[in-house]
Amino acid sequence: MRSKYYWICLFSLPLFTALLTTCGNRDTARINLTVKGAPDSTEVVVSRLAMNEIQVLDTLYTCQEKVSCKVTVYPDSPEFVYLTYSNGGSISLLLQSRDRVNVTVDRDKSAEVVVDGSDESLLMQKVDSVINAFNSAYESLASELLAAQERNDREEVSRLQRELGTLYVKCKQNAIKYIFSHDKSMSVIPVLYMKTPDGLPVFSQATDAILMERVYDSLKTVYPASPYLVSLADEVSLRFTAMELQNRMASADEVDFPEIILNDVNGRQQSLTALKGKVIILMFWDASNMEQRVYNTDLKILYDRYHDRGLEIYQVGLNSNKTAWALQVKEQQLPWISVCDPAAGASVGAMLYNITRVPAMFVISRDGSIQSRDVFDMRMLENEIRRLL
């Protein structure tokens, strides 16, 4: 049976141990476990996630199918606790201080777990169920693919590869939905570190740092002292560094400014770096802000005056309501490239350009170098554009 704990390797045990020492008093949670069909003296191992290792807390033995124990937990942060018994069955719990949890499982049907007394542990059962279903489907398709490859059945290989890809994409989409709808629950942590049975992380891209940062920020408001968030913050930092490096490497031979590719009001992708050779005004704005909408009126005069001479404007709306943004673009009849990033505060473009507030503006020369920032005085902006043209 494949371990459920494959995602723990990103944590640091020495750091966790230090936090155990310094984070203050710990409280207890009580677990009452019933393993239906288990003979007396069936072994039950109680363990805790200690960052990068499973730390065994106790070994118990059933009596009349039951066993009980107390587990020390932080008073201000849930902890991942696991019950492993007899035939490899395992139950994941997410326990908080003073939880009183009743768990029932059938020894021969270990996937059917009933949990009462811990809302977080109920969510962990849902997460485990989804992960197990994904692993089962993935392993089945992978086995079929291997057999097709051995038969040299190219058509079947192609079909199964597509199915595996579709399964992977749907898994990530569903994982993101779960994270967004449970952003205050620690149960999103194992979702972030999901892997395929052959070891490929579901969230493998550097740009997934944006999602991870959102998770960190949300959980930090609820569990500021949680040691699990320390390593998540490190992972976020590493991902952002990798993302920035990838972007710089990809555009280093062509431009000195980071790429942005977003859809316009007609659903067409618009690339910022494709405009190299023109003088570019890159602007981030909020279409719901009246003052910023008024500023577009003056910007249209400048655009009409210098567009034929090589001026282009690439305007990014940082609006979660994409429909409202599109209505403003059409109502104002904006003639330049208008795109929207509904991720708003988590926008990749905003991250790359270090945007902390809007409006924000960059003037980029024909050779692709950023010349100035936030020149909102129209006379000064026009002088800058004339200089570069």
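**Close-up views of a predicted model**

View 1. Setting aside neighbours within four places in sequence, Ile179 is in contact with Val188, Val191, Leu192, Phe203, Leu211 and Val215.

**View 2. The largest nonpolar core.** Ile179 also belongs to the largest nonpolar core, which has 42 residues. Together with Phe80, Met186, Leu192 and Leu232, Ile179 is one of the residues with the most contacts inside this core. Two or more core residues are given by each of strand 5 (79-85), helix 2 (119-151), helix 3 (154-181), helix 4 (188-192), helix 5 (209-222) and helix 6 (228-251). Helix 2 supplies the largest share, 9 residues. In soluble globular proteins, nonpolar side chains tend to be buried together.

**View 3. Helix 2 and the residue that follows it.** Helix 2 consists of 33 residues. From its first C-alpha to its last, helix 2 reaches 49 Å, close to the 48 Å expected at 1.5 Å a residue. Asn152 follows helix 2 and has a positive phi, near 60 degrees.

**View 4. The second core.** A separate core of 25 residues includes Tyr295, Leu334, Val363 and Ile385.

**View 5. The crossing of helix 7 and helix 10.** The axes of helix 7 (residues 290-306) and helix 10 (residues 378-388) come within 11 Å and cross at roughly 25 degrees. Because angles under 35 degrees count as roughly parallel, helix 7 is described as roughly parallel to helix 10. Their crossing is right-handed. On helix 7, the contact is made by Tyr295, Asp298, Leu299, Leu302, Arg305 and Tyr306; on helix 10, by Met378, Leu381, Glu382, Ile385 and Arg386.

Technical notes. Residues numbered from 1 in each chain as written. Predicted model: local features only at pLDDT ≥ 70, side-chain atom pairs only at ≥ 80, totals over all residues. Heavy atoms only, no water. Core = buried A, V, L, I, M, F, W, Y, C linked by side-chain atoms within 4.5 Å. Buried < 20%, exposed > 50% of the residue type's maximum accessible area, 1.4 Å probe, protein only. Helix = DSSP H or I, 4+ residues; strand = E, 2+ residues; numbered from the N terminus. Contact = heavy atoms within 4.5 Å. Expected span 1.5 Å × (residues − 1). Axes fitted to C-alpha atoms, helices over the stretch in contact; angles between N-to-C directions. Parallel < 35°, antiparallel > 145°, perpendicular 65-115°, else oblique. Left-handed = near helix turned anticlockwise from the far one by under 90°.
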